[in-house]
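The sequence and structure are shown first.

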Amino acid sequence: MIEFEYQTLPWNIIFGAGALARLPGELDKLGMKRALVLTTPNQTKSGEDVIDLLEIRAAGLFDQCVMHVPQQTVSAASVRARELGADCTVALGGGSTTGLGKALAVQMGLPNIVIPTSYAGSEMTDIWAITDEGRKVTDRNNDVVPTLTLYDPTLTLSLPPKFAAASGLNAMAQAVVNVATDKINPIVSCLALDAVKSLYESLPVIMDKPDDMEARSQALYGACLAGGALGTGATSLHHKICHTMGGTFNMPHAETHAVILPHSVAYNAAATPDGSARLAAAMGAANAADAIYNLMKKLSLPLGLKDLGFKEADLDQATEVTLEKPFHNAEPVTAKRLRVLLQNAYDGVRPRPIS
Ligand code: NAD
């Protein structure tokens with residue numbers, strides 16, 4: 001018997017090669033006249049191109065976005081937005097840039113337009129975060145869902161294949177946890193399964209042929225759906241571990257998600273037989289955790305936390321921090337079993353069930 005509840009988010013999406021050109025007209029339709037363009041220092045040039053495209057609709061550029069959205073950065077951007085009389089933000093970049101747009105929506109009520117250039121998928125979620133005094137605070141709020149998201153796959157051509165692979169696995173994690181779960185929501189799992197399939201097929205092509213527009217488009221589409229699954233779905237053990245790794249140990253976001261994913265899937269496999277089987281089928285494989293691990297090898301991604309510079313001596317603390325607050329997970333999580341999972345992830349061994 002089917003039984004579920006589902007609430008969508010106020011998504012407003014334009015997707016297609018060349019979609020960036022529509023930005024000025026779309027701002028006019030929304031009645032926005034002075035956009036503050038946001039980028040990281042790496043993407044200043046792309047931000048300047050957007051300013052040129054916007055002509056009189058551009059208020060200026062703030063190109064100091066950094067990972068984890070520090071409160072100092074939010075404050076500096078707020079000052080700039082006020083000085084320039086901005087009436088909206090246009091965030092062009094990955095999850096860090098989208099994150100600043102969301103923070104300014106929370107703190108200043110500025111509508112945010114997002115042009116994603118990585119596969120972080122944040123633009124499809126209602127989750128925002130700000131880091132202050134060493135603590136990353138996250139919350140959910142519909143007001144941070146972008147007023148408009150413009151997906152233009154041509155902007156992802158500059159994403160180096162190595163980072164594209166890690167970012168793609170970050171996206172895949174958002175989908176995977178919403179299929180390999182004991183709380184399958186049929187609508188969310190539709191989004192998630194198509195996301196997994198799209199990413200699984202396109203990422204190896206991008207590694208071989210970085211200029212393949214079809215694969216770049218398919219990967220960005222997968223990221224969009226995966227973000228949608230996370231935005232309307234749930235998180236579990238996988239995201240708890242990665243939050244610890246990022247918040248307490250400052251580990252790289254996308255790469256850490258990739259390393260943890262096969263192990264968190266293996267951990268939950270016995271408790272999620274239906275979802276795990278569907279997940280494996282979406283990848284044309286018999287075992288979902290194995291398929292993800294094999295994909296990572298194919299993409300030449302780091303397999304172990306040790307390859308990302310994590311210290312083995314910190315595994316005990318990572319276990320404790322992850323378990324500080326209770327959370328839902330299909331398979332019950334104990335300190336002993338989590339410690340084994342983390343050791344496997346540290347060593348980068350083939351994922352296996354943990355009894
Ligand atoms: P990022 O945004 O920090 O980007 C990494 C680097 O890649 C940056 O220097 C960026 O400028 C560059 N870059 C991005 N796209 C590029 C392109 N097309 N060409 C060249 N360079 C490009 O990293 P990320 O992995 O995209 O995002 C990670 C952040 O997003 C984390 O802080 C994470 O917490 C957050 N996040 C939030 C959510 C959410 O729902 N709130 C979801 C996923 C990630």
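Helices, taken as H or I runs of at least four residues, and strands, taken as E runs of at least two, are DSSP runs numbered from the N terminus. The model described here is predicted.

## The sheet

An open sheet is built from 6 strands, with parallel pairing, and its order is E1-E8-E5-E4-E2-E3. Strand E1 (13-15) and strand E3 (58-62) lie at the edges, each pairing on one side only. From one strand to the next, the twist averages 15°.

Val37 has Leu61 of E3 as its bridge partner.

## Helices on the sheet

Helix H1 (residues 23-30) packs on the sheet and touches E1, E2, strand E4 (88-93), strand E5 (112-116) and strand E8 (148-151). The direction of H1 makes about 160° with that of E5.

Helix H2 (residues 44-54) also packs on the sheet, where it touches E2, E3 and E4. Between the directions of H2 and E3 the angle is about 175°.

## Thr97

Helix H4 spans residues 95-108 and contains Thr97. Is Thr97 buried or exposed? The relative accessible area of Thr97 is 1%, and the cut-off for buried is under 20%, so Thr97 counts as buried.

With neighbours within four places in sequence left aside, Thr97 is in contact with Leu38, Thr39, Thr40, Cys65, Ala91 and Leu92.

Note on methods
Residues numbered from 1 in each chain as written. Predicted model: local features only at pLDDT ≥ 70, side-chain atom pairs only at ≥ 80, totals over all residues. Heavy atoms only, no water. Pairing = 2+ DSSP bridges. Axes fitted to C-alpha atoms, helices over the stretch in contact; angles between N-to-C directions. Contact = heavy atoms within 4.5 Å. Buried < 20%, exposed > 50% of the residue type's maximum accessible area, 1.4 Å probe, protein only.
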